[in-house]
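Work through the following exercises with the sequence and the 3D structure in view, and try each task before reading its solution.

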Amino acid sequence: SVPTPATDVCTTAEGTHTVGPVLDFLPGTVVDCAQPHLTETFHVDVFPPDVDTDPNTVPTVGGARFRYAYTTCQEAAVEFLGGDPHTSRLAVVPVMPSERQWAGRARWFRCEVLELAGLDRTVVARTGSLREALAESGPLTTSCADVTFNAERTEVLAVTFTPCEEEHDVELTGAITLPEGDYPTADQLVELVDDGCREAGAAYVGIEADDLLPVGSDTFQFAAPIGAEMWSAGERSAWCFYGSLKQRRTGSVRGHGSFPY
């Protein structure tokens, strides 16, 4: 029989890698989590018979079985991390058995958690386990970032995370969760972002929603886009960022209790 993967192990790989719905750099080299690594296996689960509706093929992105694994891993991550990964700079991704393992009747999937450098989803090499990383105040429970704009400063081109203790442009204030259904149109996304991120940001800062983006100020908000491929994998949440076009901050706005700019 095909062995079931172990949990509480970490994996590294050579080079720079970005993460989407799948981890193309796996299989890599398994290392102790105290050593530099890219991803941590925190949970292993199995497909129930009623979910495994096509036992002859490995689950792929876009299928119901992959979405089941994606959702299961997200739920397991909340318990493992002590908080919602969607409100942090962490990513959670399911990993399926290989073709050969699936042919050997392996019906498990692994859940991996990684730290990201920014919106380009470059994986950060880190040391130490992420267990309970979001349970209490710590380096991963607040995330600030620097922003690269287009020449007119009307479009965000890149976002790179930086410690909130250092001068920065914006802060990750939460996440919006989009409703199930077909992939939203551009207009639908704009409407959902405006309402959802304003509510998330106001709750994060500790002020009324109407006070988050007062008329005449240079404050702005935006959400990280969800691509069609991530949507088909099962992702329904997107990061919300908040900051000022002209003023950089030092320190978090979390629980600030008043307009922070």
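Two strands count as paired if DSSP finds at least two bridges between them. The model shown here is a predicted one.

**Exercise 1.** Determine which strands pair with strand E5, and whether E5 is buried or exposed.

*Solution.* Begin with strand E3, residues 39-46, which pairs with E5 in the antiparallel sense over six bridges. Within this pairing, valine 44 stands opposite arginine 110 of E5.

Next, turn to strand E4, residues 90-95, which runs antiparallel to E5 and is joined to E5 by six bridges. Here alanine 91 has leucine 114 in E5 as its bridge partner.

For the burial, recall that a residue is called buried when its relative accessible area is under 20%. In a regular strand, the side chains alternate between the two faces of the sheet. On one side of E5 we find Trp108, Arg110, Glu112 and Leu114, on the other Phe109, Cys111, Val113 and Glu115, and all of them are buried, which leaves both faces covered. Because eight of the eight residues of E5 (108-115) are buried, the strand is largely enclosed by the rest of the structure.

**Exercise 2.** Describe where threonine 11 lies and what surrounds it.

*Solution.* Threonine 11 belongs to strand E1. Its relative accessibility is 4%, and therefore threonine 11 counts as buried. Once neighbours within four places in sequence are set aside, the contacts of threonine 11 are Leu26, Gly28, Thr29, Val30, His37, Leu38, Thr39 and Arg110.

**Exercise 3.** Characterise the largest pocket by its volume, its lining and the elements that supply the lining.

*Solution.* The space in the largest pocket comes to about 540 Å³. Its lining consists of 29 residues, and those nearest the centre are Leu26, Pro27, Val95, Met96 and Arg110. At least two lining residues come from each of strand E1 (9-12), E4, helix H2 (99-103) and E5. Sorted by type, the lining of the largest pocket holds 19 nonpolar, seven polar and three charged residues.

**Exercise 4.** In what order do the strands of the five-stranded open sheet follow one another, and which strands stand at the edges?

*Solution.* The order in this open sheet is E7-E6-E8-E10-E9, with antiparallel pairing. Strand E7 (156-162) and strand E9 (219-223) stand at the edges, and because each has a single partner strand, one side of each is left without a neighbour in the sheet. From one strand to the next, the twist averages 40°.

Looking at the end formed by E9, we see that E9 and E10 run antiparallel and are joined by five bridges. Phenylalanine 222 has phenylalanine 241 in E10 as its bridge partner. Finally, helix H3, residues 186-205, lies across strand E8 (170-177), E9 and E10, and runs at about 125° to E8.

**Exercise 5.** Locate leucine 178, and decide whether leucine 178 is buried or exposed.

*Solution.* Leucine 178 is placed in the loop between E8 and H3. With a relative accessible area of 6%, leucine 178 is buried. Apart from neighbours within four places in sequence, leucine 178 is in contact with Pro184, Leu189, Leu192, Ile226, Trp231 and Arg236. As for histidine 43, which is 135 residues away along the chain, its C-alpha atom and that of leucine 178 are separated by 25 Å.

Notes: Residues are numbered from 1 along each chain as its sequence is written. This is a predicted model: local features need pLDDT of at least 70, side-chain atom pairs count only at pLDDT 80 or more; totals for chains, interfaces and linings use all residues. Side-chain values use heavy atoms; hydrogens and water are left out. Buried means under 20% relative accessible area, exposed over 50%, partly exposed in between (1.4 Å probe, protein chains only). Helices (H or I, at least four residues) and strands (E, at least two) are DSSP runs, numbered from the N terminus. On a 1 Å grid over the protein atoms alone, a cavity is a set of points where a 1.4 Å probe fits but cannot get out, and a pocket is an open set with protein on both sides within 12 Å along at least five of seven lines; lining residues have an atom within 4 Å of a point. Grid points are joined across faces, edges and corners, and a volume is the space filled by probe spheres set on the points. Ala, Val, Leu, Ile, Met, Phe, Trp, Tyr, Cys and Pro count as nonpolar, Asp, Glu, Lys and Arg as charged, and the others, Gly among them, as polar. Axes are lines fitted to C-alpha atoms, for helices over the stretch in contact, and angles run from 0 to 180 degrees between N-to-C directions. Contact means heavy atoms within 4.5 Å.
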